[in-house]
Each structure stands twice: as C-alpha cells, then as structure tokens.
Amino acid sequence: MTRRCLTLPLLVITAVVVAVLARYPVAADPAGGALQSGLGVETSDAPLDGQEGRPLALERFRPRSMLKVPETDIRRAMFPVVDVHTHPQIRLGKPGENSDDTARATSEAVDEFVRLMDEQNIAVCVSLDGGLGAKLEDHRRLLWTKHRERFVIFANIDFKGRGEQTKPESWDCNRPEFVERTVEQLRAAQASGVSGLKFFKEFGLGVRNADGSLAAIDDAKWDPIWRVCGQLKLVVLIHTADPLAFFEPIDATNERWEELRRHPDWSFHGPQWPTHEQLLAAFLRVVKKHRETTFIAAHVANLPEDLATVGGWLDAHPNLNVEIAARIAELGRQPVTARKFFVKYADRILFGTDGPRSAERLKLHWRFLETQDEYFPYAESPFPPQGFWRIYGVGLPDDVLRKVYYENAVRSIPGVAERWRRVAETK
Ligand SMILES: [Zn+2]
C-alpha cells in the first residue's frame, strides 16, 4: 500500500523532469559563443538567458554587485617585489590566457614586460622556463642579454626528450643514464648562473615509467637530483597536484564546474589518477628525506583550500616554503584565515603570480595583500576564471608585506639579493 502511494508521485515528478530537460537540454546555450565550443552538447531554440522566466546558463550569469564599500585605488606595489613564479618564455610568446610553450617570446616582448615591472614596482622576476642544455642557452640569451639584473632563472627537466608521446618506454626519463646526465646538466646550469629547478605538475601526473605507470614523485631513482640541488643551493620550486576540485567529479556539486567544463582535460578525477592526497604525501616524503634542499611548493602547495593543513606541513618541514601564484582567489575568499596564515608563516610565504600578468591583474594582487577592500574580483576577465566568487583583502602589516614581497626571496633564492638591491636602490 505504502509502496503504491509513493510510486505514482515519483512517476509524475520523473515525467516533469524529463519534459523540462527535453525543452532545455543541459547547458545548451547557442549564444554562449566560445564557452560552448567542442563539447558536443545539444542545443535548444530557447536561449538560457534568464529572461522572461527562462532558465539561465551559468556561463551567462554576470551579477553586478550592488554593494557600496570603499575601493582602494592602488597604482603599484608598496615595496619592490620579487615575483618568484613567472613564465616569460611560455606566456610572452603569444599574448592571452592560452599561450603555449611552442610560441617563442621575443626580446621586444621582454622589454615591454620590464617596463611593466618598473611601473608596477616589481624589482626581480624568477623565470621558471629555463630548461636545460641548449634550451637554457636560448633562455639565458632571451632574458639576460639586456635584463640580467631583472631576472633569475630556474631550469626545467625534459622528461620526454625526443621520445614518442604515446610510448613512455621511449622517453628520456626511462633511459638508464637519465638521472646521472640530469645531475651533470644541473651542475653546468648552476655554474652558468641558474638559481633553481622548477617541476611542472606533469611530475606526478604525466611523467611515466617504461611500463606506462605514472612515475612516483618520491621514487628513490630521483634522489640524486634532490641531493645535487641541496649541494649546489639550487632551490626546487615544484607544482604538485592541482586544485582539490580538479580531483572531484565534474558535476553540479563541483565548485569549479564552470572552469572544468571549459577545460575538461584539467580534470584528474578517476581511477587512472592518483588522489590529491597521495600526490602531496609523496611530495612531503621527498621534502622530509632531503632536508638540505630548499623547496618552494607552488600555488600554496595546491592546498590553499585547507590552510591549517598547509601550516602543519610548514611546522613539520623547516626546508619547505610556499608561494601564492594564481591562488589569490582561494586565499581571498577566506580573508580571516588567510591573514592569520600570512602573519604566522610570514617567513615561509613568497609572492608569485604565474605571470607575466597584465597591469590590471597585478593591481588586484596588491589590493588583495595591502588593503582590506571587500568583495572585489580577483581577475580582470568578465567571468571569474578560477571559481565563481569574489575576494576580500587581507591588509597585511608592513613587516609581513615586506617578507612576502621580497625579504624571503632575497634570503632564500641565490642571485636575488644583489639584483633586488641594485634595482630597489636605483628606482
Ligand atoms: Zn606556473
């Protein structure tokens, strides 16, 4: 009896849902333009524009805040900044968000960026695009012919080399002499003035063993690399994992749904991937094992969603630091917690942008760190690119700001101190 009573209403509800879906297929939005491309969704005649009672596609939601609160007009950073996370090779090659590493930056583009650095009070940038070998030679020429005093360079390891994309057994990293050769290249790089070594997220999510399995971050075979970095005082800046939401299903509960829908290839959800927790745990085992090596975990160790945990890691590992590139969206949605984190770990947090960024985007960074402005966008793009929310400034005290903006980088990254002093004294 009870069962029959329930069945009929359920059928009715199901029928209504199906009817609504038929009229408005999920995410159909013919007017959505670029956001719609290539996803193969069905389209409907009814625009999801939110007008006249019609549903609204999330991509088209553009709420204008009615809030009236003070807005600080910041023109440039308060102190001369060291940006420890930039990609002049990757990002200056082709302007815009989607530049790729095949585009080549020109020396004119570098000149222009240095003018922007002057305007915004950025004294020194760390380029994370150095490569090794011949690529490093090119990169040194690009940045150091005219602007040696403004850039320090971190090398990168080419794990695939000339191997075939789909055949990990052909990749350089699976040749017996690979680690030994890399160590030699790092020695040469350090002798030529390189300050550190950058690992991209492929390390843990793309570098594979000959049998096709993902190579573990803490595989003992990499130990000579961590060791030589410690011996030579090369700082390791490492991107491990990605935002937590990228490891969750792409569904209506995912807080980065809009972004993942535009970039489904950014998802690491599924049995073929290690979990976020496994990746960070492997990284921390490396940090613990190699106490003589200084590590900077990029993007607040990819766990700005949980600063208490990141704080615990900093407590446990004196050779670990973090930088904030591309994470003011995360930090700025929790200004109370973030401010405490900045104050408590002021000696361990470095400034980064994942730039070169536009003047507008840079100013949002200054505003976030220097003011207590409320509810402002974290990016200049019309749709918030990294989560659909706004941020609040943390208004750091001057002594904390100095540490984050430059003192920590001056102290810990070789080559920064003399550059920073020369630029800060003359500008
Ligand atoms: Zn980066």
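This is a predicted model: local features need pLDDT of at least 70, side-chain atom pairs count only at pLDDT 80 or more; totals for chains, interfaces and linings use all residues.
**Ile 296 and its contacts**

Leaving out residues up to four places away in sequence, I found Ile 296 touching Val 84, Val 235, Leu 237, Asn 321, Val 322, Glu 323 and Leu 350. I then looked up the largest nonpolar core, which holds 99 residues, and Ile 296 turned up there with Val 82 and Val 404 as the members that touch the most others. H15 gives this core its largest share, seven residues.

Next I followed the strands around Ile 296. Strand S6 covers residues 295–297 and pairs with S7 in the parallel sense, over three bridges. Which residue of S7 is the bridge partner of Ile 296? I noted Asn 321.

I checked which way the S7 residues point. Leu 320 and Val 322 go one way, Asn 321 and Glu 323 the other. Buried or exposed, I asked of these four residues? They are all buried, Asn 321 and Glu 323 included.

On to strand S8, residues 349–350: two bridges join S8 to S7, and the two run parallel. Opposite Val 322 I found Ile 349 of S8.

**The whole sheet**

I wanted the strand order, and I got an open sheet of eight strands, S1-S2-S3-S4-S5-S6-S7-S8, with parallel pairing. S1 (81–86) and S8 are the edge strands; each has a single partner strand, so one side of each has no neighbour in the sheet.

I went through some of the other pairs. S1 and S2 are parallel, with four bridges between them, and Val 82 stands opposite Val 124 of S2. That is the Val 82 I had already listed for the core. S2 pairs with S3 in the parallel sense through three bridges, and Val 126 has Val 152 in S3 as its bridge partner. S2 has six of its six residues buried, so the rest of the structure largely encloses this strand.

Further along, strand S4 (residues 196–199) is joined to strand S5 (residues 235–238) by four bridges, again parallel. Phe 199 has Ile 238 in S5 as its bridge partner. I also looked for a helix on the sheet and noted H4 (residues 133–147), which packs there and touches strand S2 (122–127) and strand S3 (151–156). The direction of H4 makes about 175° with that of S3.

I turned to backbone angles. Most residues other than glycine have a negative phi, and most peptide bonds are trans. His 299 has a positive phi of about 55° although it is not a glycine. Val 300 is another non-glycine residue with a positive phi, near 50°.

His 299 is buried because 23 C-beta neighbours lie inside 10 Å, and Val 300 is buried with 24 other C-beta atoms within 10 Å; the cut-off for buried is 20 or more.

I listed what Val 300 touches, not counting residues up to four places away in sequence: Val 310, Val 322, Ile 324 and Arg 327. Val 322 is also on the list for Ile 296.

**A cis bond**

Another backbone entry: Gly 355 and Pro 356 are joined by a cis peptide bond, with omega about 0°. I placed Pro 356 in the loop between S8 and helix H14 (359–370).

**H15 against H16**

I came back to H15, the helix with the largest share of the core. Helix H15 (residues 398–412) and helix H16 (residues 416–426) have axes that come within 7 Å and cross at roughly 135°. That angle makes H15 oblique to H16.

Which residues meet here? From H15 I noted Tyr 406, Ala 409 and Val 410, and from H16 Val 416, Ala 417 and Trp 420. By class, I have six nonpolar residues in this contact, no polar and no charged ones.

**Chain totals**

Last, I took down the overall numbers. The chain has 16 helices and eight strands. Of its 427 residues, 38% are buried. For contacts between residues at least 6 apart in sequence, I noted that 71% join residues at least 24 apart.

Technical notes
Residues are numbered from 1 along each chain as its sequence is written. Axes are lines fitted to C-alpha atoms, for helices over the stretch in contact, and angles run from 0 to 180 degrees between N-to-C directions. Angles under 35 degrees count as roughly parallel, over 145 as roughly antiparallel, 65 to 115 as roughly perpendicular and the rest as oblique. Two residues are in contact if their C-beta atoms, placed from the backbone, lie within 7 Å. Ala, Val, Leu, Ile, Met, Phe, Trp, Tyr, Cys and Pro count as nonpolar, Asp, Glu, Lys and Arg as charged, and the others, Gly among them, as polar. A nonpolar core is a set of buried Ala, Val, Leu, Ile, Met, Phe, Trp, Tyr and Cys residues joined through C-beta atoms within 7 Å. A residue is buried if 20 or more other C-beta atoms lie within 10 Å of its own, exposed if 12 or fewer, and partly exposed in between; C-beta atoms are placed from the backbone. Two strands pair if DSSP finds at least two bridges between them.
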